[in-house]
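Welcome! Have a look at the sequence and the 3D structure below, and then we can walk through a few spots together.

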Amino acid sequence: MHDSGIKFSKTACYPNGRLTCSAVALVVCDLPAARHLSCLAGVSSHFYCSACDCYHKSTYGRVDFKNWTPRDRDKLRAYAEQWRDAATSAEREALFKAHGVRYSELWHLPYWDPSRQLVIDPMHCLLEGLVPHHTRNLLGLTSKSTASASTPLAFSYDFGEVPSGTMTTKEMTQVSTIQALLLSQMIIPDEEACFNKLKDSLFHKNIGPLKYICNNLGCVLQKTGRMFKIDYVKALLEWRRGKPLTAPIEEPQFGTAEVLGRIRDVIRDASVPTWLGSVPSDFGDASAGTLKADEWRSLITVYLPIALVSLWVKY
């Protein structure tokens, strides 16, 4: 059809007939359909790419794109014809396992090249593939991911190891807890309120771990003679006052409860045209269900940019 053409004896516009030449330029479909139509191995096989020679599932995620070589059309055709001409099903199965190719009717086209003409449509590739993967797995914008995100420490400090045999298991656990309290950020607007809260938390610990950490940090006690728990607590508070209250401002983070909450606020409160696809207000929760392609498009082109710009303006 692409070289000799087809002669139509008569058409609506050409009463004397018309010679037409046609060719398949691209085959556009989703990923599973593309593999079925071209009779190539599925994406979960070792032949996971139809465009290049990347092979074996152990190479998932490789980014050395300069070393990716396109699949050879002539070799693919030869493998497909070997499969077609195989005498037994066992022989066909062995050929398919070795090369990941079966014979497709598209090989009747002399110019057919699946590595260049097999195209995954943007809706499935981007809106139902890459966008959900980046949003959920890379950016961590789900309730489960943000719940496990930890608050950065105000500063770092090497307390060293507790000598073995010097404390009970309970006391060693309290030592770790006290160290974490001392490194935590003071995020309450009132500085004194922060220290009062820290004081209460420290006072609920045993005197042994408090004394050990005071000695470990070289804290100066405010009195001599018999020491009580409050004396060690005051010494630790004085040491903490000489350290940064909050962590330095770093690059904005994605997978936090603050970011996810802001996105939900924008989804709920933004005034948008009626033709714009809506997004569930509980986005990120399992209860939101599976988002459709138009919902993902609305999220990444409208709601997510507005939320991040408004949240990161301080940076």
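**Cysteines, a serine and an alanine**

The closest cysteine sulfur to that of cysteine 49 belongs to cysteine 52, and at 3.3 Å it is too far away for a bond. Keep in mind as you read that this is a predicted model.

**Cysteines and disulfides**

- A disulfide is a covalent bond that joins the sulfur atoms of two cysteines.
- Cysteine 29 is in no disulfide either, and the nearest cysteine sulfur, in cysteine 125, lies 12 Å away.
- Is cysteine 29 buried or exposed? Cysteine 29 counts as buried because its relative accessibility is 15%, and the limit for buried is under 20%.

**Serine 115**

- You can find serine 115 in helix α4, which covers residues 114-117.
- With a relative accessibility of 13%, serine 115 counts as buried.
- Its side chain makes a polar contact with the side chain of aspartate 113, at 2.7 Å.
- Setting aside neighbours within four places in sequence, serine 115 is in contact with Ser50, Ala51 and Arg71.

**Alanine 98**

- Alanine 98 sits in helix α3, made up of residues 89-99.
- Alanine 98 counts as partly exposed because its relative accessibility is 48%.
- Alanine 98 and phenylalanine 47 are 51 residues apart in sequence, while their C-alpha atoms are 9.7 Å apart in space.

Definitions and conventions: Residues are numbered from 1 along each chain as its sequence is written. This is a predicted model: local features need pLDDT of at least 70, side-chain atom pairs count only at pLDDT 80 or more; totals for chains, interfaces and linings use all residues. Side-chain values use heavy atoms; hydrogens and water are left out. Helices (H or I, at least four residues) and strands (E, at least two) are DSSP runs, numbered from the N terminus. Buried means under 20% relative accessible area, exposed over 50%, partly exposed in between (1.4 Å probe, protein chains only). A disulfide is a pair of cysteine sulfur atoms within 2.5 Å. A polar contact is a pair of N or O atoms within 3.5 Å; within protein, one must be able to donate a hydrogen and the other to accept it, and residues adjacent in sequence count only if both atoms are side-chain atoms. Contact means heavy atoms within 4.5 Å.
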